[in-house]
Amino acid sequence: MNKGLKLTDILVTIVIAIGFGIVYKLWGPLYYFVKPFGLHLDQLIYGMWFMAATVAYLIIRKAGVAFLAEVAAASGEFLVGSEWGLEVLLFGVVQGLFAELVFMAFRYKRFDIAVVSLAAVGSAVGSIIMDYYKGYIGDLALWNLSLFLGFRIIGSILIAGVAAYYLVKALEKTGVTNLVRPASQQDYDALDQ
């Protein structure tokens, strides 16, 4: 596998990310709809904001793609009018970096559901660090903080881990990803694990 990013890899990553940037923008109202139900149920759907990194990595499978995808998705969300303003760009950098670190830890050789779920958790941890510095989660009671953290991690695994994995698995079966990279038998075997 050629480890360096080619122009095609970068362009495909950005197209994927811009698509997710629009999804991220559309996800905001759903997030705010769920928020009033309390008990941090909104955190169960927070993982959508990490999905560009995991999906792009599963499709391109090269170093730097997760980071690039998350930053580009945050930029796309910002450009279409994010309610969080420029802050989304900083979150995108940190979330992409933490996902990228997980893929790097596995030397960019694993594409299974466990590693993608760990990358989703990495993005969640990055977002939690950002939220901590914003100052509001440090004031939560222990039970409330535990619920907040637990739901964000669970939601991240389910959406940016499991759902991303199966989305790309479905794309693999259609042959769409062959336009970006030819799928080998090893790729199909990795998806069946």
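Visitor: What is the relative accessible area of tyrosine 166, and how is such a value read?

Guide: Tyrosine 166 has a relative accessible area of 44%, so this residue is partly exposed; buried means under 20%, exposed over 50%, and partly exposed in between, with a 1.4 Å probe and protein chains only. Tyrosine 165, by contrast, is buried, with a value of 1%. The model is predicted, so local features need pLDDT of at least 70 and side-chain atom pairs count only at pLDDT 80 or more, whereas totals for chains, interfaces and linings use all residues. Residues are numbered from 1 along each chain as its sequence is written, and side-chain values use heavy atoms, with hydrogens and water left out.

Visitor: How many aromatic pairs does the structure hold?

Guide: There are 16 aromatic pairs. Rings of Phe, Tyr and Trp (its six-membered ring) pair if their centres lie within 6.5 Å; planes under 30 degrees apart are stacked, over 60 edge-to-face, and the rest tilted. Tyrosine 57 and tyrosine 108 form a tilted pair, because their ring planes stand at 50°, with centres 6.3 Å apart. This pair joins distant parts of the chain, 51 residues apart: tyrosine 57 belongs to helix 2 (residues 51-60), and tyrosine 108 to the loop between helix 4 (87-105) and helix 5 (113-134). Helices (H or I, at least four residues) are DSSP runs numbered from the N terminus. Both tyrosine 57 and tyrosine 108 are buried.

Visitor: At what angle are the ring planes of tyrosine 165 and tyrosine 166?

Guide: Their planes are at 90° and their centres 5.0 Å apart, so the pair is edge-to-face. Elsewhere, one aromatic cluster consists of Tyr31, Tyr32, Tyr46, Trp49, Phe50 and Trp84.

Visitor: Which charged residue sits over the ring of tyrosine 46?

Guide: The charged end of arginine 152 does, 3.6 Å from the ring centre; the criterion is NZ of Lys or CZ of Arg within 6 Å of the ring centre and within 35 degrees of the ring normal. Arginine 61 likewise lies over the face of phenylalanine 111, 4.1 Å from its ring centre.

Visitor: How is the packing of two helices described?

Guide: One gives the angle between their axes and the distance between the axes. Helix 1 (residues 7-34) and helix 2 cross at roughly 150°, their axes coming within 9 Å; axes are lines fitted to C-alpha atoms over the stretch in contact, and angles run from 0 to 180 degrees between N-to-C directions. Helix 1 is therefore roughly antiparallel to helix 2, a term for angles over 145 degrees.

Definitions and conventions. Helices (H or I, at least four residues) and strands (E, at least two) are DSSP runs, numbered from the N terminus. Angles under 35 degrees count as roughly parallel, over 145 as roughly antiparallel, 65 to 115 as roughly perpendicular and the rest as oblique.
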